[in-house]
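Dear colleague,

My notes on it follow directly after.

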Amino acid sequence: MCKKIFLGVLLLAFLVCLVLGARLLVDKDNPLTYYDDFGVETSSTSFSRGGIGQRMAALSLFSATSAATNTPQYYSILVTGQSLALGALGVPALTVRQPYLNLMYEQGRLVPLIENYANPAVSQKATETVNSALANTISFLAGSTSPQFIISRSATNGAEMSKIKKNGNLSTYAEGLAEIRAIRDVLAKNKEQHKVAAIVLIHGETDHTLIQSGATNTYADDIRRLRANYDMDLRRMTGQSEKIPIFIDQMMSFTGYGQATSSIPLAQYAASLNDSNVYLVTPKYIFDYYPAGSQAHLVNISYRWLGEY
C-alpha cells in the first residue's frame, strides 16, 4: 500500500514538472521565458548564474522614486567602451521585440528597445548587444514599479581609454553626452522627468595590448576618472542630485592575444575597491567567445547573459 502511494506521488510530481516544463516552453508572454522565441537557453536558466545582487540594490531607488511621485519616470543608461560594447560578432541579433516599455534613441525620437544595430566595421548584420538584456532584466526584477529605461550607446571599435575619455582623441565621450542631451530634450517637450541611472563600461582589450608593449598602466585611475567626468557632466545636464555609478566587468580574453596574464582585470578590480561608485559586476571568462580571430568577442547569447548581469 505504501509503495503504491509513493509511486502515485512520484507520478504526480513528474506530471506537474512536465506541465510546468511545457508551459515554460510555450508561454511567450512570461518575461522569464521571453527569450525562448529564439530557441536558445531560457532567461530563467541564465538568471541562476547570479551577479544581479548589486543591481538589485539600485532597484529601491527606481521603485521609491516612481511610487513617491506617481509620475512617469525615465532613466537613461549609457553603454560605452570598445567593440564588445557594440556587440561585435554577436550575430544574429536575438532580441527583436521589446517585452516591456524600454526605449532607445533613434533619429530624433524614442522607439522600443530592440537589437537592430549593425557594426559596419565587423558585420553587416544586426548583432545582439548587452543593451536589451540589461534594461529588460531590471524591468523584470522591479516588476510593476519599474520605470522606463532608455539605453544609449557610444563606443568605438578598438579604442583605448585615452581615446574614449573626456577630451580624448575620439568623439566617443562627446557623442555619449550629446545623445543623453537629445533624450532629455525629447522628454522635456512632454514635461517628462529624466535622470541618468548608470554608465556601463565594456572595455580593456586595447589597453591590455598597449601595456604589454610597455605603456604605463594607469587603467584603474582612468576608470575612476571616466566615471567622475561623466557624473559631473551628466548631473549638470539633467539637474539630478544622485551620483551616477559605473558598472564594469573584467576583460578576460588576454590568452587570445597570446599572453598568460594581464594587468587589466586586476586594475578593474582595484578600481571597484577604491571607489564606491565603481561596481565590478562579473569576470568574462564564464562566457562563450567567438572562435575566430583573437577570440576577444562574445557570441550573441553571451552578450545577452552579460547584459543580465
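A residue is called buried here if its relative accessible area is under 20%. Please keep in mind that the model is predicted.

By this criterion F287 and Y309 are both buried. Their ring centres lie 5.8 Å apart with the planes at 90°, so the two form an edge-to-face pair. The pair links distant parts of the chain, 22 residues apart: F287 belongs to the loop between β7 and α10 (300–308), and Y309 to the segment after α10.

Four aromatic pairs were found in the whole structure. Another of them joins F247 and Y279, whose ring centres are 5.2 Å apart and whose planes meet at 20°, so this pair is stacked. F247 is part of strand β6 (residues 246–250) and Y279 part of strand β7 (residues 278–283), so the contact ties together parts 32 residues apart in sequence. F247 is buried, at a relative accessible area of 13%, whereas Y279 is partly exposed, at 28%.

I also examined the second largest pocket, which holds about 260 Å³ of space. Its lining comprises 15 residues, and M104, Y105, E106, R153 and E179 lie nearest the centre. Strands β2 (103–106) and β4 (148–155) are the elements that each contribute two or more residues to this lining.

Yours sincerely

Definitions and conventions: Residues are numbered from 1 along each chain as its sequence is written. This is a predicted model: local features need pLDDT of at least 70, side-chain atom pairs count only at pLDDT 80 or more; totals for chains, interfaces and linings use all residues. Side-chain values use heavy atoms; hydrogens and water are left out. On a 1 Å grid over the protein atoms alone, a cavity is a set of points where a 1.4 Å probe fits but cannot get out, and a pocket is an open set with protein on both sides within 12 Å along at least five of seven lines; lining residues have an atom within 4 Å of a point. Grid points are joined across faces, edges and corners, and a volume is the space filled by probe spheres set on the points. Helices (H or I, at least four residues) and strands (E, at least two) are DSSP runs, numbered from the N terminus. Rings of Phe, Tyr and Trp (its six-membered ring) pair if their centres lie within 6.5 Å; planes under 30 degrees apart count as stacked, over 60 as edge-to-face and the rest as tilted. Buried means under 20% relative accessible area, exposed over 50%, partly exposed in between (1.4 Å probe, protein chains only).
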